[in-house]
Amino acid sequence: MRVTRSIVIDETELVERFIHASGPGGQNVNKVATAVELRYDVLRSSALSDSVRARLVALAGKKISGDGVLVIAAQRFRSQARNRADARERLAELIRAAATPPRTR
């Protein structure tokens, strides 16, 4: 998954789990696992530099577990594919924000 020109995350570093979404969903709400839980091990990833990794940990806050795994849950849409794309885009946005060095004042 390409995040920026210099940051490319290997697909094997992403772990996706499909779970039942809460809220409205029509007839399939209790039968189809459309929500996505995306896990990305920030501390062990080879795609990130140390400075980007440190800023990502600070930016993610409560989304990072104690062992350094970033967890993003996506359940905005009724489609598994759209939730999967949403989770990946949210991960990419976080990494892009962390890749931008803070401005010096």
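## Overall composition

A residue is called buried when its relative accessible area is under 20%. In this predicted model, 34% of the 105 residues of the protein chain count as buried. The accessible surface of the chain is about 6900 Å², and 51% of that belongs to carbon and sulfur atoms. The C-alpha trace spans about 55 × 30 × 30 Å along its principal axes.

Side-chain charge comes to 19 positive and 11 negative groups, with the centres of the two sets 7 Å apart.

## Fold

The protein chain has two helices and three strands, which follow the pattern β-β-α-β-α along the sequence. Among contacts with a separation of 6 or more, 58% are between residues 24 or more positions apart.

The three strands make an open, antiparallel sheet in the order β1-β2-β3. Strands β1 and β3 (69–74) are the edges, each pairing on one side only. Neighbouring strands are turned against each other by 20° on average, direction ignored. Helix α2 (residues 80–99) packs on this sheet and touches β1, β2 and β3, with its direction at about 140° to that of β3.

Between the antiparallel strands β2 and β3 there are six bridges. Glu37 stands opposite Ala73 of β3.

## Thr34

Thr34 lies in the loop between β1 (14–19) and β2 (35–41). Thr34 counts as buried because its relative accessibility is 11%, and the cut-off is under 20%. Beyond its neighbours within four places in sequence, Thr34 contacts Ile19, Ala21, Phe77, Arg78, Ser79, Gln80 and Asn83.

Technical notes: Residues numbered from 1 in each chain as written. Predicted model: local features only at pLDDT ≥ 70, side-chain atom pairs only at ≥ 80, totals over all residues. Heavy atoms only, no water. Helix = DSSP H or I, 4+ residues; strand = E, 2+ residues; numbered from the N terminus. Buried < 20%, exposed > 50% of the residue type's maximum accessible area, 1.4 Å probe, protein only. Contact = heavy atoms within 4.5 Å. Pairing = 2+ DSSP bridges. Axes fitted to C-alpha atoms, helices over the stretch in contact; angles between N-to-C directions. Areas by Shrake-Rupley, 256 points an atom, 1.4 Å probe, with all protein chains shown as cover. Lys, Arg positive; Asp, Glu negative; His and termini not counted. Charge placed at Lys NZ, Arg CZ, Asp CG, Glu CD.
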